[in-house]
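User: Please take me through this model with care, stating the cut-offs behind each term as you go.

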Amino acid sequence: LTPARQHRSLPMSETAETQNANGAPYVTCHQCGCQSILAELFRQRGGEYTCPGCLEDEANQKGQTYLWALGGLTIFFSLVAFLPFGQPPLLVALANLAWLFIALALLVPWHELGHVIALWLMRGRLFAVRWGSGGDIRRWRWRGVAIYVGRNLFSGFTMGGFLERTALPVRFTVYILGGIVANLVLAGLLLWWHSDKPMRLLGDGIFWSEMLILASLIQAMGALLPIRASVGAIKVPTDGAWLLQLLTGRLKPELIQQLYFANGVMQASAFDDAAAMSEIAAQAMDRYPDEQWAREMDMIDKVMRGNGAESLGWYGQAIESSPSLTGPQRAVLLNNAAWSGLLVGGEQQLATALERARLAFGMMPWFAPIRGTYGSLLVEHGDLKSGTAHLQWALAHHQGTRDKGLVTAYLALASALDAEFDQASTLICDAECLAGGNPLIERTRERIDALIRSV
């Protein structure tokens, strides 16, 4: 619906006002020109900064390049390997090298399967499996598990967790080692199969099993490197990085258990699964009723179900009691408080909500939920042009149908306020199809119907 780089057209007065309100210097992305006060989230390149939105665009473009490259290697390999006549030795050698790269991609699901089996053996819960980074080709849920297929098929990761603390470091270690063990098991089986056959890496023909063995060992060694691999705008720890944190004592049992709740909330939000969110929030409150992060999960659950009254008070207190909280955590806290104010309504609440949304937008202008909240509140205050621009950007970048439905509802309200009643009627119907039964969408439908009746 909207080009990924449209955030370059944000009014400069908005970002300048946000910077003054936050009282912190802002930085400008050298690619798109958007501004943020969260300089620590930007990747620096010789004094220049790139915002996460542009980093995500770069990752998607690289992913598309990797996908085309893998497709080209597969075509070349198939032609050399399966044509009925003999091939020059150089072409055969290149075909074997192509098979090695193809095998590295094909073994990613095998590696992740090792993590899944280890997680099941350790009585953990699986939330998501990803094969490939660099933008999603397909994503779906199966029996409560999110499955993603990206463009760069040479990478992947598994998201799981453990609800019970019994022997947690040991169970987490087994889970992390599962993928590496899967690679070594495959290499071992192929070596056993080769026990009465010569191993070759040079000569005529395609070395099917030899290259699979080599790819398995390369993948296992790569997973053991203690680094963080880039996946779009974020960096994901490798198996080796997790193990190093365990060995050095930085990853404590309570942090391991919090991964269960964090991963659960992330996937429930990504697929707008209110039931799963309620389950995770209830588990968090049952075990950690006095912890702020558990209370925040409970508030997120209430916001998802349209209950803004209780969450608004809690978020307001959390903001006032945590003045030192900075970075993305504060931006998300401000955004959730702003959305709660939007749910409650009322002139004073909406004015406070707009100020909070403006502060959150100044921190993370690339984050679709924040843009959606900010755009909705601008519409509520009559700034239809800016509000619609933000809502269109958020609609193009939101993944969940619930979020798309809420954004579409406010686009419909903006059209109705601008006397575009046919367009408003179409958009509000679209919103109801995307997220039917949502209290905010029902309220917006009533407001649009009242505007239409009034004329």
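User: Is C429 buried, partly exposed or exposed, and what is its relative accessible area?
Analyst: This is a predicted model, in which local features need pLDDT of at least 70 and side-chain atom pairs count only at pLDDT 80 or more, while totals for chains, interfaces and linings use all residues. Residues are numbered from 1 along each chain as its sequence is written, and side-chain values use heavy atoms, with hydrogens and water left out. On a scale where buried means under 20% relative accessible area, exposed over 50% and partly exposed in between (1.4 Å probe, protein chains only), C429 is partly exposed, at 36%.

User: How many disulfides does the structure hold, and how far from C429 is the nearest cysteine sulfur?
Analyst: With a disulfide taken as a pair of cysteine sulfur atoms within 2.5 Å, the structure holds 0 disulfides. C429 is accordingly in none, and the nearest cysteine sulfur, which belongs to C433, lies at 6.8 Å.

User: What is the relative accessible area of C433?
Analyst: C433 is likewise in no disulfide, the sulfur of C429 being the nearest cysteine sulfur to it. C433 is classed as exposed, its relative accessible area being 71%.

User: How do the directions of α14 and α15 relate: roughly parallel or roughly antiparallel?
Analyst: Helices here are DSSP runs (H or I, at least four residues) numbered from the N terminus, and angles run from 0 to 180 degrees between N-to-C directions of axes fitted to C-alpha atoms over the stretch in contact. Helix α14 (residues 384–397) packs against helix α15 (residues 401–417) at about 155°, with the axes 10 Å apart. Since angles over 145 degrees count as roughly antiparallel, the two helices α14 and α15 are roughly antiparallel.

Conventions
Parallel < 35°, antiparallel > 145°, perpendicular 65-115°, else oblique.
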